[in-house]
Amino acid sequence: MKIRILGPLHAETGGVPVVPSAAKMRQILALLALHPGRPVPVATLKEEIWGPVPPCSAHGTLQTYILRLRRALATALGGPYGRAGADGPALARELLATGHDGYLLRIDEDDVDAFAFQRAAEAGHAAFADGDSAGAARLLREALALWSGPALVDVRAGSALRTHAARLEESRLLAVERRVDAELRLGLHGELLADLVELTRLHPANERLHAQAMVAFYRAGRQSDALQHYRGLRRRLVDELGLEPAPQLQRLHQAMLSVDPRLDTPAHGGRPTPTFDLYAA
């Protein structure tokens with residue numbers, strides 16, 4: 001069974017789609033997919049679906065949802081007498097199993113796109129730390145290509161799914177930042193400008209992305225745009241939050257005003273420092 005949650009929910013087994021339309025069944029499937037091969041307690045499933053005070057009927061209703069999911073799986077697995085005479089309902093019960101005080105999907109992490117993303121992203125971060133900018137950029141692009149929209153974008157989320165989705169989105173943003181760091185080290189500042197303009201629009205208070213945009217503009221020979229970018233960010237932070245930009249960003253701004261030669265060329269050697277920390281204390 002293959003499940004995608006990095007965007008719209010999609011699941012299939014044997015090439016046959018298995019995506020329930022009922023909102024609560026989609027919640028159950030998504031939460032089980034985020035714990036492949038591990039039981040999710042009944043109490044956790046109830047709280048996800050109904051909140052901290054589930055109705056008295058919650059236990060029986062949850063069993064009904066599990067039964068309906070198994071029926072959908074049985075159909076996808078070949079019906080009552082599936083492939084090569086296999087018993088579809090029995091295969092469905094094996095795939096969506098009852099564990100100790102809970103339910104589990106008997107699938108591997110490799111079957112869920114979120115875990116494939118995490119592995120590729122971790123490899124990209126490690127490559128960057130080792131000074132392999134080209135490898136880091138490639139691995140992080142491969143990881144980010146697994147996304148087709150916000151995590152669980154079409155699944156109604158309770159407390160557990162909201163937490164998982166927030167963590168995945170934070171990991172995604174960190175992968176984007178590190179990919180940009182790697183490509184700036186490769187001298188691809190010109191190619192990154194359009195991406196960074198859009199990223200800073202989507203994340204207007206993210207100082208790490210703004211630092212990357214400033215460096216990309218500066219190295220592309222657009223010093224005035226880099227400085228204007230800083231002024232816009234500072235004005236927004238002061239007006240909306242009453243905060244000055246981070247010290248790293250202030251020092252980067254001063255380096256641009258003084259035309260610090262260290263900014264002129266990408267750093268291919270030495271310690272692989274994220275762009276935001278180029279002028280860390």
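Which residues are buried in H8? In this predicted model, the buried residues of H8 are His189, Leu192, Leu193, Leu196, Leu199 and Thr200. Let's start with that helix and then visit a sheet and the nonpolar cores.

## Helix H8

What covers those buried residues? The cover includes helix H7 (159-185), helix H9 (207-219) and helix H10 (223-241).

Helix H8 covers residues 189-202, which makes 14 residues, and at 1.5 Å a residue it should span 20 Å. The C-alpha atoms at its ends are 19 Å apart, which agrees with that expectation. The helix also has a bend of about 35° at Asp195.

## A three-stranded sheet

Now look at the start of the chain. Three strands form an open sheet in the order S1-S2-S3, and their pairing is antiparallel. Strand S1 (2-4) and strand S3 (16-17) are at the edges; each has a single partner strand, so one side of each has no neighbour in the sheet. As background, strands of a sheet pair through backbone hydrogen bonds, either parallel or antiparallel.

Strand S2 (residues 10-13) pairs with S1 over three bridges.

| Hairpin | Residues between the strands | Turn residue with positive phi | Phi |
|---|---|---|---|
| S1 and S2 | five residues | Gly7 | about 135° |
| S2 and S3 | two residues | Gly14 | about 60° |

In soluble globular proteins, nonpolar side chains tend to be buried together. Here, the largest nonpolar core has 80 residues, and those that touch the most other members are Met1, Ile3, Ile5, Ile28, Leu252 and Met256. Helix H7 gives the most to this core, with nine residues.

Which residues does Leu252 touch, not counting residues up to four places away in sequence? Leu252 touches Ala211, Met214, Val215, Leu263 and Tyr279.

There is also a second, separate core of six residues, with Ala127, Ala136, Ala137 and Ala182 among them.

Note on methods. Residues numbered from 1 in each chain as written. Predicted model: local features only at pLDDT ≥ 70, side-chain atom pairs only at ≥ 80, totals over all residues. Heavy atoms only, no water. Helix = DSSP H or I, 4+ residues; strand = E, 2+ residues; numbered from the N terminus. Expected span 1.5 Å × (residues − 1). Bend = angle between axes of the 7 residues up to and from the residue. Buried < 20%, exposed > 50% of the residue type's maximum accessible area, 1.4 Å probe, protein only. Contact = heavy atoms within 4.5 Å. Pairing = 2+ DSSP bridges. Core = buried A, V, L, I, M, F, W, Y, C linked by side-chain atoms within 4.5 Å.
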